[in-house]
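Subject: A structure for you to look at

Hi,

Here is the structure I promised to pass on.

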Amino acid sequence: MGAGIPTTRGDLKRAEIFEVDDQRERVKGGNSVPCMFNPFEYTVTKSNSFKEPDATNSKNAPKAEFSKGGAQTLQLSLFFDTYETDTDVRDETNKLWDFMAVKAKPNKRPHQKDSPPLVAFAWGPFYFVAYITNMTQKFILFTRDGKPVRAKVDVTFTQYVDEKDEPPQNPTSGEGPINRIWRVTGGDRLDLIAANVYGDATKWRAIAERNQLTDPLALRPGQLLRIPLE
């Protein structure tokens, strides 16, 4: 099942996991894993931490002070099957393991550590940018010679990058003015986006030019747009 095939075996628009850069956009030529079968469900969780400075202050419920916010996590199960093609299913699942491998950061700052790549799970309008922090692979079907041809993979993504934060900018990149990021949702148009961020719908051309959009009406849900600051 190649990355160029837009649908799953059930002819549904396929979910995909792919490498993204610090601007949360797909890395050109980066690793990509399109789902053979879309997940039946996924779970997003978040927790906050509190501390109890004086547990004796109340008989029924101690007073608590907010300590820190926890990262959002996304948990899902993926299913891979290569029985029909008689190929090793690990040829597909190993691409997921590559997302957990530490990679050298290009042009990294002093004392900055290498880390696994930042990835996105994209399915329709849902676009979750995170690191894969846990993965369990279970092989459930084998050929007569012991080759695995079916596997279930449970994946946990941890969102250490807040999607509401402005992506970091490289002041030496020479890419022009600093940008904000807008994630397109259903019904969005460039003039409506310009009216929202600038208060002036006629400034949609600045957004189109910055994102090299030849057709300003061809926006897709989940697409990330750079929004130049005025």
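Below is what turned up when I went through the side chains. Keep in mind that this is a predicted model.

**Aromatic rings**

Let's begin with the rings. A pair of aromatic rings is described by the distance of the centres and the angle of the planes. Here the count comes to 8 aromatic pairs. Take Tyr 42 and Phe 121: their ring centres are 6.2 Å apart and their planes stand at 70°, so this pair is edge-to-face, the cut-off for that being over 60 degrees. Where do Tyr 42 and Phe 121 lie? Tyr 42 belongs to strand β3 (residues 42–45) and Phe 121 to strand β7 (residues 119–123), so the pair ties together parts that are 79 residues apart in sequence.

Is Phe 121 buried or exposed? Phe 121 is buried, with a relative accessible area of 0%. Tyr 42, on the other hand, counts as partly exposed at 33% relative accessibility.

Tyr 42 also pairs with Phe 126. Those two rings have their centres 4.6 Å apart and their planes at 10°, so this pair is stacked.

**Charges over rings**

Next, look at two places where a charged end sits over a ring. The charged end of Arg 26 is placed over the ring of Phe 18, 3.9 Å from the ring centre. Lys 203 has its charged end over the ring of Tyr 198, and here the distance to the centre is 5.8 Å.

**Salt bridges**

Side chains of opposite charge can pair when their charged atoms come close. How many salt bridges does the structure hold? It holds 8 salt bridges, and I picked out a few for you.

One of them joins Glu 25 and Arg 226, whose closest N and O atoms are 3.5 Å apart. Glu 25 is in the loop between β1 (16–19) and β2 (32–34), while Arg 226 is in strand β11, so the pair ties together parts that are 201 residues apart in sequence. Both partners are buried: Glu 25 has a relative accessible area of 19%, and Arg 226 comes in at 15%.

Another salt bridge is formed by the side chains of Arg 150 and Asp 81, at 2.6 Å from N to O. Arg 150 lies in strand β9 (residues 148–159) and Asp 81 in strand β6 (residues 72–81), and the pair links these distant parts of the chain, 69 residues apart. Arg 150 counts as partly exposed at 26% relative accessibility, whereas Asp 81 is buried at 7%.

Then there is Asp 86, which forms a salt bridge with Lys 147, the closest N and O atoms being 3.3 Å apart. Asp 86 is in the loop between β6 and α1 (90–98) and Lys 147 in the loop between β8 and β9, so parts that are 61 residues apart in sequence are tied together. Asp 86 is partly exposed, with a relative accessible area of 47%.

Finally, find Asn 211 in the loop between α3 (204–210) and β11 (224–228). Asn 211 counts as buried at 17% relative accessibility, since the cut-off is under 20%. Which residues is Asn 211 in contact with, leaving aside its neighbours within four places in sequence? They are Leu 224, Leu 225 and Arg 226.

Cheers

Terms used
Residues numbered from 1 in each chain as written. Predicted model: local features only at pLDDT ≥ 70, side-chain atom pairs only at ≥ 80, totals over all residues. Heavy atoms only, no water. Phe/Tyr/Trp six-rings, centres within 6.5 Å; stacked < 30°, edge-to-face > 60°. Helix = DSSP H or I, 4+ residues; strand = E, 2+ residues; numbered from the N terminus. Buried < 20%, exposed > 50% of the residue type's maximum accessible area, 1.4 Å probe, protein only. Lys NZ or Arg CZ within 6 Å of the ring centre and 35° of its normal. Contact = heavy atoms within 4.5 Å. Salt bridge = Lys/Arg side-chain N within 4 Å of Asp/Glu carboxyl O.
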